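I opened my notebook to look up a few side-chain contacts and a bit of surface charge.

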Amino acid sequence: MQARQCYTFAMKFHRPRSLNGLILVGFGFVALPLLIAVLGALFNLDRVAEQSERLVITGVSAAENNRRLEEELSSLERVARQYQVLQNPDSLQLMAQDLESLQSQLDDMAPLLEQANATGLAASIGAGARSIIAELSDTSLNQDQLTTTIARFAPLRQSVTRLTGITTALVDAELGNLQETARKAQQFSAWQVAALIPGTIILVSIFTLLVARPIRQIDAAIGQLGESGFSKPIKIKGPTDLERLGRQLEWLRLRLLELAQEKNKFLRHMSHELKTPLANIREGTELLLDGSVGDLKGPQREVTDILRMNGLKLQQLIENLLSFSAWQAKSEVLTLSDFPLRAQVISVAKSQRLALKAANIQLKLEVDDIIVKADQDKIRTVLDNLLSNAIKFTPSSGLITIRASRTPSSFLLELGDSGPGIPDDESPRIFEAFFQGRREQGGQVDGTGIGLSVVLECIQAHDGSVELIDTNEFPGAHFRIHIPQERAAEQQKLAANG
C-alpha cells in the first residue's frame, strides 16, 4: 500500500504542469526508444565494421605470407639444385641466407599460425629445411646422396601447401563469423524495429490522448456556450494552463448565464407591463367596433379595424415573448388533452382574417377532421405564429395552404405559401431566437424574430419535429411538423431545452 501511494505521489509530482511541458515530455518518451534503437544499431555496425577490418587484414596478411613462404622455399630449392650441379661453395652461403629468410618468414607468420593452430606444422617446415641444408653442407656427399637430399624438398612443398590451406581455412572461418555477426545484428535490428513500432504507437497514442482530451473538453465547452447551454458547469482536467483556460470558460458561462437570466427577467417584466395597456386598447377597440359608443362611419371603421388588427399582432408578439421567456426559464409545462385539430385551425384562421383580408391573401385549408392529443394552447401558438409569419412574407393576391392529416403514430401539419421563400444561407438559422432575415416584412408592426423559435420549442416539447422542406410544391416557404401520438393520457412533460 505504501509503495502504491509513493508511486501515485511520484506520478502526480512528475506530471507536467503545462501543455508545453506535456508535449516536451511526450516527445522525450517517444524519442527515447528511437535513440536507444539508433545507439544499438551504431554499436552493432561498429562491431561488424571492426570485425570486417580485422578479417581484411588477416586475409591480406595470410595471402602475402603464404606467397612469400612459397617463394622462399622455391628459392632455397633452386639454389640447392644449382649447388648439386656446380658444387660451388658460394651456393652454400646463398642457401644459408635463404634458410634464414625462410625462418624469418615463419617467425612473421607466428601470430597467424598460432591462431590457426598450425605452429607445429610451421616448426616441422623450418626443421625440415634446416635438416636439408645441413646435409647439403656435407662436402663428402656424392651425386646420388645429393639427389636424395634434394628430393626431400617435395614433401616440404606439400607441407607449405597444407599450411597455406590451413591459413585460408582460417580466413574462411573468420568470414563465416563475420557473416553470422552481420546476420545477428540484422535480426536484432529487425526485432528492435518490430518492438519499437508498436511501442512508439502506444506512447504517441497515450500522449495524444493526454493532450487531446482537455482540448476536446474545451471544444465541447465552447460549443456548449455557442448553443446557449449555460446550465452545465465547465470543468477541464489536464495541464495547468488548459485548466486555467477551463476556469476562464466557466467564469464566462456564469456571466452569460447571469445575462441570460437578466434578459429573461426583463422580457417577462416588459411583457407583463405591456399586456395591461394593450388589453385596454383592445377593449376600447372592440367597444368602438360593437357600436357601444355610437355608430362608426366607413373610414372610422376602417381605422378601427387597423387598430384592432395591429393590437392582435402586438398581443401575439407579447405572448411569444412570454412563451420564449418561459422556455428559457424551463418553467413551461405541457397540458395534454384531446381536441379536434380542424376546429383549432379554423379558429386561428378566423383570428387572422383581418390580416388576410388587408393583404388580399387567400387561405386554403386541407385539414382532416381528426382528434389529436397535445397541448391545445401550444398548438394554437404554433399555428398562429406560422400563419402570421406566412402573411408577412406572402405578396398581395398570394395563397397560403394549411394541411393536416393523421399517420399511424403521429399527426402531420404542413403550411406553405407563395412568398419569395427563405434564402439557402438563412435557412439553417431561421429557428434561432431573435434571428430576422433580409427579406422585407409587411405590416405596420415588425416581428421580434422569436416566432419560429417559439414554434420549435413548442414542437420539441411534444417530442415532435419541425423542418423547412423544399418540395417545389409551393413557391415560398414550406414547413412540415410531426407530433407523435403515443403518449399516456395523464402524461405531462416539463418542456426544457433538450
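Predicted model: local features only at pLDDT ≥ 70, side-chain atom pairs only at ≥ 80, totals over all residues.

**Salt bridges**

I started with Lys 378, which forms a salt bridge with Asp 375, their closest N and O atoms being 3.8 Å apart. My rule for a salt bridge: a side-chain nitrogen of Lys or Arg within 4 Å of a carboxyl oxygen of Asp or Glu. Residues are numbered from 1 along each chain as its sequence is written, and side-chain values use heavy atoms, with hydrogens and water left out.

Are Lys 378 and Asp 375 buried or exposed? Lys 378 counts as buried at 10% relative accessibility, and Asp 375 counts as buried at 3%. (Buried means under 20% relative accessible area, exposed over 50%, partly exposed in between, with a 1.4 Å probe and protein chains only.)

Next I looked up Arg 480, which has a salt bridge to Glu 414 with the closest N and O atoms 3.1 Å apart. This pair links distant parts of the chain: Arg 480 sits in strand β7 and Glu 414 in strand β5, 66 residues apart. (Strands, E, have at least two residues and helices, H or I, at least four; both are DSSP runs numbered from the N terminus.) Arg 480 is partly exposed at 24%, while Glu 414 is buried at 10%.

I also noted a network: salt bridges with shared partners join Lys 364, Glu 366, Arg 403 and Glu 473.

Then came Arg 253 and Glu 250, whose closest N and O atoms are 2.7 Å apart in their salt bridge. They are 3 residues apart in helix α8 (residues 240–290), so about one helical turn separates them. Arg 253 is buried at 5%, and Glu 250 is buried at 16%.

How many salt bridges does the rule give? The count comes to 13.

**Aromatic rings**

I searched the whole structure and found 1 aromatic pair. Phe 431 and Phe 479 are edge-to-face, 6.3 Å centre to centre with 80° between the planes. (Rings of Phe, Tyr and Trp, its six-membered ring, pair if their centres lie within 6.5 Å; planes under 30 degrees apart count as stacked, over 60 as edge-to-face and the rest as tilted.) Phe 431 is in the loop between β5 (410–417) and α13 (451–461), and Phe 479 is in strand β7 (residues 478–484), 48 residues apart. I have Phe 431 down as buried at 18% and Phe 479 as buried at 4%.
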